[in-house]
Amino acid sequence: MAVRCRAMEFRLSTATRVLVIAACAPFVAIALVVEPPDAYVPLAILAPMLALAARTWFVRVAAGPDVLLVANYTRTHRIPWDDVADLTRDEDSVWVTRTDGRAHRIAALTTTQQSTTSYRARRDAAYEALERDLRGRT
């Protein structure tokens with residue numbers, strides 16, 4: 001089911017994506033230098049890391065007319081606006097709470113202590129836009 005969510009979209013920064021991919025480099029180097037069967041160990045570690053690195057290109061939150069799309073690292077949630085009870089923010093995460101009580105962290109809006117001020121400002125602006133959108137629907 002294709003969901004178009006172009007009203008508001010927030011993705012991970014390119015720097016974050018590059019860092020995740022760069023974390024795979026040592027395992028590639030080891031696998032190239034070591035001969036089989038010892039090369040299979042770094043390759044076994046590398047496979048899930050590459051899957052995670054590929055998934056970072058799809059991590060986002062998008063507000064559409066009928067649905068809030070939350071694409072995290074391992075799962076994508078398409079939450080109808082009627083099912084969104086609340087949006088909350090703590091120091092480094094934003095959470096969407098559904099009417100049945102389940103809460104989902106929005107990975108695209110997560111920060112760390114090392115996050116830049118501009119990234120935090122973009123995160124806060126995205127949170128406020130989502131909150132306005134939610135309030136406008138209730």
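## Residue exposure, helix packing and core

Threonine 74 counts as exposed because its relative accessibility is 80%; the term exposed applies over 50% relative accessible area, buried under 20%, and partly exposed in between (1.4 Å probe, protein chains only). Threonine 74 is located in the loop between E3 and strand E4 (76-80). Helices (H or I, at least four residues) and strands (E, at least two) are DSSP runs, numbered from the N terminus.

The model is predicted: local features need pLDDT of at least 70, side-chain atom pairs count only at pLDDT 80 or more, and totals for chains, interfaces and linings use all residues. Residues are numbered from 1 along each chain as its sequence is written, and side-chain values use heavy atoms, with hydrogens and water left out.

Alanine 71 belongs to strand E3 (residues 67-71). With 3% relative accessibility, alanine 71 is classed as buried. Residues up to four places away in sequence aside, alanine 71 touches Arg55, Phe58, Val59, Arg60 and Thr76, where contact means heavy atoms within 4.5 Å.

Two loop residues are partly exposed. Arginine 102, in the loop between E6 and strand E7 (103-105), has a relative accessibility of 42% and therefore counts as partly exposed. Its contacts, not counting residues up to four places away in sequence, are Val96 and Thr97. Threonine 112, in the loop between E7 and H4, is likewise partly exposed, at a relative accessible area of 41%.

| Residue pair | Separation along the chain | C-alpha distance |
|---|---|---|
| Alanine 71 and threonine 56 | 15 residues | 9.6 Å |
| Arginine 102 and glutamine 114 | 12 residues | 29 Å |
| Threonine 112 and serine 93 | 19 residues | 8.8 Å |
| Threonine 74 and leucine 32 | 42 residues | 28 Å |

The helix pair comes next. Two packed helices are described by the angle between their axes and the distance between the axes. For helix H2 (residues 25-33) and helix H3 (residues 40-55), the axes come within 9 Å and cross at roughly 150°. Axes are lines fitted to C-alpha atoms, for helices over the stretch in contact, and angles run from 0 to 180 degrees between N-to-C directions. H2 and H3 are therefore roughly antiparallel to each other, a term used for angles over 145 degrees. On the H2 side the contact is formed by Phe27, Val28, Ile30 and Ala31, and on the H3 side by Pro42, Leu43, Ile45, Leu46 and Met49. These residues comprise 9 nonpolar, no polar and no charged; Ala, Val, Leu, Ile, Met, Phe, Trp, Tyr, Cys and Pro count as nonpolar, Asp, Glu, Lys and Arg as charged, and the others, Gly among them, as polar.

The largest nonpolar core holds 22 residues, of which Val61, Leu68, Val96, Ile106, Leu109 and Leu130 touch the most other members. Such a core is a set of buried Ala, Val, Leu, Ile, Met, Phe, Trp, Tyr and Cys residues joined through side-chain atoms within 4.5 Å. Two or more residues each are contributed by strand E2 (60-63), E3, strand E5 (84-89), strand E6 (94-98) and helix H4 (117-137). H4 supplies the largest share, 5 residues. Beyond its neighbours within four places in sequence, leucine 68 has contacts that include Val61, Val84, Val96 and Leu130.

Conventions. Angles under 35 degrees count as roughly parallel, over 145 as roughly antiparallel, 65 to 115 as roughly perpendicular and the rest as oblique.
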